[in-house]
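Open the model in your viewer and keep the selection tool at hand. The stops below go from one selection to the next.

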Amino acid sequence: DKRKVVYKRRLDTLFAMRGTNKQLCRVMSSDFGEEIFQLAFENFCEVSDATHGIDDAPPTMLWRHKAFFLTGLGCQTCDAHPTTRKPNWVFGVRMCKDCLQKHTVIHQELQDESWTKWATYEELTKGLPHDEVQGWSKFFKSAYTMIRYWRQSVKNRKALLRHAKTPSERERICAPPAAKQDKQLLEKKAREKRKEALKAELDLIGCELRADSKLSELFIEGFPKSLRERKKWTAKKVAERMAQMKYLHEYCREFKATVQGWRREINDMFDHYGHGYGNYTYEVTGFYSLGAAVRDLADTWTRFPKQWPWLVQPAT
Ligand SMILES: [Zn+2]
């Protein structure tokens with residue numbers, strides 16, 4: 001894939017810039033730099049499976065840290081495995097199997113230790129990053145699932161719990177770490193920026209921000225669950241989509257007639273057969289709810305006018 005080569009080179013350039021001098025380093029470490037590294041990282045999502053699972057990365061990890069793992073190869077703690085490629089995003093490391101094993105502890109190992117005097121297993125592990133791996137039991141001749149925790153995290157937690165005197169103290173220890181202040185601020189600013197951008201695009205095509213538009217809401221939130229969606233939807237595209245919806249629901253006779261026809265048919269079936277003889281909505285539309293059918297019709301609609309009717313000046 002040629003894109004991969006290009007993205008890789010771009011990323012290398014970004015890190016080279018960071019190493020050039022103090023001023024550039026400061027720029028690349030700022031909010032602005034974070035945005036650029038995030039973009040560079042997200043480009044990689046299309047071409048490399050090394051990015052899979054990035055949503056599980058520790059909340060304290062910066063984009064430039066994440067991006068750094070895409071620039072090279074090899075286990076970060078030993079020299080024996082120079083080809084290790086995929087990072088483990090849950091723990092935010094790139095390590096070979098051996099090193100990962102050394103640094104992690106599985107839940108079976110924790111179950112009958114002395115710490116049970118001070119806290120429960122739940123208190124020991126609550127909120128700690130963890131992943132699952134398959135083990136093989138020679139004794140039972142079957143596979144089993146192991147939950148892995150970062151050894152040092154467990155050790156720290158144990159030390160804290162040991163000195164905790166009251167349940168509320170233990171609760172505070174187990175609470176998830178608050179996201180860094182500046183990170184929250186950064187996200188808030190990014191949300192505002194996206195909202196402004198969308199408003200500007202909507203303005204251009206004579207539409208408004210709507211509270212009932214799921215798509216615009218997701219866009220402003222930055223599609224937190226999906227990198228693919230985030231890359232796909234620009235402010236312009238979201239605005240365009242919203243204009244299409246406005247057209248269908250407010251202007252398109254054919255669309256309205258189709259929905260109206262469904263409604264009539266469903267009602268006729270009710271009148272004719274009465275209640276409880278099958279799902280009429282499904283029989284008419286192929287969907288279990290009319291809302292879903294209308295959404296699907298809108299999503300698959302392809303006939304739109306060249307110019308939006310609400311922008312056309314009425315003839316005088
Ligand atoms: Zn290693």
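Start with the zinc ion, which is coordinated by the SG atoms of Cys-75, Cys-78, Cys-96 and Cys-99. The distances are 2.2 to 2.3 Å; like everything on this tour, they belong to a predicted model. Along the chain, the donors of the zinc ion follow the spacing C-x2-C-x17-C-x2-C. What is the arrangement of the 4 donor atoms around the zinc ion? The angles they subtend run from 100 to 117°, so the arrangement is tetrahedral. For comparison, the ideal angle for four tetrahedral donors is 109.5 degrees. Now select Cys-96 and Cys-99: both are buried.

Next, select Leu-198, Phe-219, Val-238, Leu-248, Phe-255 and Trp-262. These are the residues with the most contacts inside the largest nonpolar core, which has 32 residues. To see where the core draws its residues from, colour helix 10 (181-204), helix 11 (214-221), helix 13 (235-251), helix 14 (253-273), helix 15 (280-285) and helix 16 (290-300); each supplies at least two. Helix 13 gives the largest share, 7 residues. Then colour domain 3 (179-243) and domain 4 (252-316): both give residues to this core, so the core lies between them.

Leaving aside neighbours within four places in sequence, Phe-219 is in contact with Arg-194, Leu-198, Trp-233, Thr-234, Ala-235 and Val-238.

A second, separate core has 21 residues. To find it, select Leu-14, Met-28, Phe-37 and Phe-41, which are among its members.

Go back to helix 11 and select Ser-216, which lies in it. Is Ser-216 buried or exposed? Its relative accessible area is 2%, so Ser-216 is buried, the cut-off for buried being under 20%. Show what surrounds this serine: apart from neighbours within four places in sequence, Ser-216 is in contact with Leu-198, Leu-209, Arg-210, Val-238 and Met-242.

The last stop is Phe-223. Where is this residue placed? Phe-223 sits in the loop between helix 11 and helix 12 (227-232). Check its backbone: phi of Phe-223 is near 45°, a positive value in a residue other than glycine.

Conventions
Residues are numbered from 1 along each chain as its sequence is written. This is a predicted model: local features need pLDDT of at least 70, side-chain atom pairs count only at pLDDT 80 or more; totals for chains, interfaces and linings use all residues. Side-chain values use heavy atoms; hydrogens and water are left out. A nonpolar core is a set of buried Ala, Val, Leu, Ile, Met, Phe, Trp, Tyr and Cys residues joined through side-chain atoms within 4.5 Å. Buried means under 20% relative accessible area, exposed over 50%, partly exposed in between (1.4 Å probe, protein chains only). Helices (H or I, at least four residues) and strands (E, at least two) are DSSP runs, numbered from the N terminus. Domain bounds come from an automatic or database domain assignment. Contact means heavy atoms within 4.5 Å. Donors are N, O and S atoms within 2.8 Å of the metal (3.2 Å for Na, K and Ca); water is not among the atoms, so sites may look incomplete. Four donors count as tetrahedral if all angles lie between 85 and 135 degrees; four count as square planar and six as octahedral if opposite donors are over 155 degrees apart and all others between 65 and 115; anything else is irregular.
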